[in-house]
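Take a look at the structure below and keep it open while you read. We'll go through it topic by topic.

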Amino acid sequence: MLTEGNGRIFLSETEMSKPNDLVQGTLDLLLLKILALEPLHGWAISLRLRSISREVLQVSEGSLYPALHKLEQEGWVAAEWKQTENNRRAKFYSLTRLGRRQLEAETANWERLSKAISYVVRLSEG
C-alpha cells in the first residue's frame, strides 16, 4: 500500500514480516498532527515522528518534502524561512486554520478506518 503521492512511511526493521507501508493518506495525518503541536522544519518533523512513535515510524526525505509541499499547496500548512537552533536557515512549517480543520477530518476518517480494520482483525475463527 502506498501513502499519498507514492511516498512511504516505513516500520522499523525490528518488525518482522510486516508490510513496510501504511495506509494511503496516513502521512498527511501524521504531519498535520505533528505540526499542530508546534512549527518545525523538515528534519525536526522527521525526528519528532520517530520519537513520538518510539522509533517505529520513520519517513524518508524523498517522501517527507513532497508531502510537505503538497500540504502547503493545499493551504493546510504555511512555510517560513527561519534560523534553526544550529543557526542554519531552514523552512519551518506551521499548521493553518484550514489545516486544523483538515486535521480534524483526517483524524475522524482514521478513527473510522482503524475501527473497521479492528473489527476484521478481531474476527474469531470458528
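**Helix H1**

In H1, the buried residues are Thr26, Leu27, Asp28, Leu29, Leu31, Leu32, Ile34 and Leu35. Here, buried means under 20% relative accessible area, exposed means over 50%, and partly exposed is in between (1.4 Å probe, protein chains only). Helices (H or I, at least four residues) and strands (E, at least two) are DSSP runs, numbered from the N terminus.

Keep in mind that this is a predicted model, where local features need pLDDT of at least 70, side-chain atom pairs count only at pLDDT 80 or more, and totals for chains, interfaces and linings use all residues. Residues are numbered from 1 along each chain as its sequence is written, and side-chain values use heavy atoms, with hydrogens and water left out.

**Helix length**
- H1 covers residues 26-37, so its twelve residues should span 16 Å at 1.5 Å a residue, and the 17 Å between its end C-alpha atoms agrees with that.
- The expected span is 1.5 Å times one less than the number of residues in the helix.

**Strand pairing**
- S4 and S5 pair in the antiparallel sense, over seven bridges; two strands count as paired if DSSP finds at least two bridges between them.
- Ala78 has Ser94 in S5 as its bridge partner.
- S5 is also joined to strand S2 (residues 40-41), by two bridges, and these two run antiparallel.
- Leu40 has its bridge partner in S5 too, namely Tyr93.

**Positive phi angles**
- Most residues other than glycine have a negative phi.
- Glu55 isn't a glycine either, yet its phi is positive, at about 70 degrees.
- You'll find Glu55 in the loop between helix H2 (42-52) and strand S3 (57-59), and it counts as partly exposed because its relative accessibility is 47%.

**A nonpolar surface patch**
- Trp43, Leu47 and Tyr65 make a nonpolar surface patch of about 310 Å².
- Patches are made of residues with over 30% relative accessible area and no salt bridge, with like charges joined within 9 Å and nonpolar side chains (Val, Leu, Ile, Met, Phe, Trp, Tyr) within 5 Å.
- A salt bridge is a side-chain nitrogen of Lys or Arg within 4 Å of a carboxyl oxygen of Asp or Glu.
- Accessible areas come from the Shrake-Rupley method with a 1.4 Å probe, and for residues only the protein chains shown count as cover.
- Tyr65 lies in helix H3 (residues 61-74), and it counts as partly exposed because its relative accessibility is 33%.
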